[in-house]
Amino acid sequence: MDTVFGIQFKGGVVLAADQSNARSILVYQNNLDKVKQLSSHSAMGVSGPNADLVNFTEYIAKNLALYELANDGTKLSTKAQANFCRNELAVALRKGPYQVNLLLGGYDEKEMTGSLYFLDYMASLQKVPYGSQGYASSFCLSIMDKEYKEGLSESDALLIVEHSIKEIATRFLINQPNFMIKIIDKDGVRVHSFGADPAET
Amino acid sequence: MARRYDSSTTTFSPEGRLHQVEYAIEAINNAGTCVGILARDGIVMASERRITSGLLAPAKTSEKTYKLCPHAACNVAGLTADANILIDQARLRAGRYHYQYQEPIPVEQLVEHVCNYKQSYTQYGGLRPFGVAFLFAGYDEKHGFQLYQSDPSGNYSGWKATVIGANNQAGKSLLKSEYGSSSAEMADEGEETSPDVAGALRLAVKVLNKTMDGTAAAAEKMELFTMTLDESSEVVHHILTQKEAQEVIDQVEAETASAGDS
C-alpha cells in the first residue's frame, strides 16, 4: 500500500513517500517517515511492513557507519551502498527475506551528481533516472515518463513530485493525505516538506 | 632465558616479546631480497631470483610476484608455501569485496585483511606464525599508488621505498641516501621528490646489486615488476622481459661508471 517514488535531478535526488502506517483495515499512524537516511549523503525510501522497514534500514545504516569508522572516514559511493544493500537482500532471500522494496538515492561528491537505484525484495538492482515502488507505479510512472528530462533542475523535479502526488490523491483508492519529501544534494539529506511531523507522538 | 617462552606463539616472554614471531621474522632474513619503490607514476618491485638448481624447470610466471586483483599485486619474501595461503586469502577478500560493493577494494583494506589473518596466528590456536613478509603494491582512487610492507606479526606500514629479505638493512640504507635525491629529480627547494618509474627501476636494480653483493648483476637473477596506469586509467601489471631488464641493468652500469669518473 506504500507509495514511494524518486527522481534524479541535476546535482541531486528527490525521494518521496507517503506517511501512512496501516495494516488491514486499521491505520496505526499517519506521520511515519519512510525515507530513511543511510549516510551523510544518501537515503532510501522503503515500501513494506514496518518491522522490515526499521530492521533493514537500521542494519544498513549502521553497517555503513561502521565502514566509515573502520576505514579512516572513507565514504562508500552511492553505487557501492546500493550494491551492499542488494547483497544483504540476496543473502537473506533464501533464509529470512526482508520484504522491502526500496528506492535508494545518494549524492557523490566525486562525480557531483545524484544517483537513484531501484531495489526490490528479491534483491534486484537497477540504476534509474526516476522510479517508484508499489501501486503508485501505476499512477506515477506515466507522469514521470512524460515530464522527466535529463538534467532537469531541482524545482522541475519537485514539480513532477507534486504532479505525482496530486494524481495519487485523485485516482488511488487508498487515502494517503501525508507525504514526506526529502532532497539529497551536495549539502546532504534534508527534509523538503512533510504532511505530518514524524516527531509528533 | 628465552628458551622457556619461545615454543609457544601465544605466550609473551617476561621481556614482553613473542619469540615465535621474532623467529619467523628471522626466517625471512634468509630469503631472497625484494625491493619496493613508490614512483610518481607507478610502483616498482624488484626481487632476487634464487636459482637453487640448474635442473629446475622455469617457473610458469613467477615465484616472487603475484597478482591479487586488477589493481593490486604483491612480492613475497620467505616460505613460499606459507605465502600461497595468504595470497589466496588476499585474492578471496578482494574478490568478495568487489562482489559486495561492485567496486575495487581500497588497497589498505586488503593489506589490513591479510595482516589481521596473520595476527590471529600469533594469538589463537597455538599454530606457528606465517614465515612470510610481503610488499603490497596497489592503486585506488582515493590514495593513488601505494606501497605497503607487512611481516609475520601482522603489522603493516606504508612506504615510499623499502626492502625485505636478505641484506635488507644494506638495501634500506642505500635507499635512504638515494631515494628522491638524485640530481635528475631534485626540486629547486631541495626537498625530496619521488622518481618516475624508469628512475625507480634503476634505483631498484642498484639496491639489488648491493644486497646481492658478491654475485654480478644479471637479468636472469632479477625479477623486475612495474605497476602503472595506461591511457584509459586502467592498472597495468608488467614483469619486465629479459631484454627490458637487461636494458635497465645496462643503464645502471653506465651510471655507476660515469659517477666513478666524476
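Start with the lining of the second largest pocket: by class, this lining has eleven nonpolar, seven polar and four charged residues (Ala, Val, Leu, Ile, Met, Phe, Trp, Tyr, Cys and Pro count as nonpolar, Asp, Glu, Lys and Arg as charged, and the others, Gly among them, as polar). To find the spot, select A:M1, A:D2, A:N21, A:A22 and A:R23, which lie nearest the centre of this pocket among its 22 lining residues. Its volume is about 470 Å³.

Before you move on, a word on the model: this is a predicted model, in which local features need pLDDT of at least 70 and side-chain atom pairs count only at pLDDT 80 or more, while totals for chains, interfaces and linings use all residues. Residues are numbered from 1 along each chain as its sequence is written, chains are lettered from A and ligands numbered from 1 in the order in which they are written, and side-chain values use heavy atoms, with hydrogens and water left out.

A pocket here is an open set of points on a 1 Å grid over the protein atoms alone, where a 1.4 Å probe fits, with protein on both sides within 12 Å along at least five of seven lines; lining residues have an atom within 4 Å of a point. Volume is the space filled by probe spheres set on the points, which are joined across faces, edges and corners.

Next, select A:K75, A:K110, B:E103, B:E141 and B:K142. They lie nearest the centre of the largest pocket, which is lined by 48 residues and holds about 1,400 Å³ of space. Its lining divides into 13 nonpolar, 18 polar and 17 charged residues.

Now turn to salt bridges (a side-chain nitrogen of Lys or Arg within 4 Å of a carboxyl oxygen of Asp or Glu). The whole structure has 16 of them over all chains. Pick B:R17 and B:E22, whose side chains meet in one at 3.0 Å, N to O.

Then go to B:R50 and B:E48, bridged at 2.9 Å, N to O.

Select B:E223 and B:R49 next: their side chains form a salt bridge at 3.4 Å, N to O. B:E223 is buried, with a relative accessible area of 2%, and B:R49 is partly exposed, at 30%.

For a last stop, show B:E178, B:R202, B:K206 and B:E255, which are linked in a network of salt bridges.

Notes: Buried means under 20% relative accessible area, exposed over 50%, partly exposed in between (1.4 Å probe, protein chains only).
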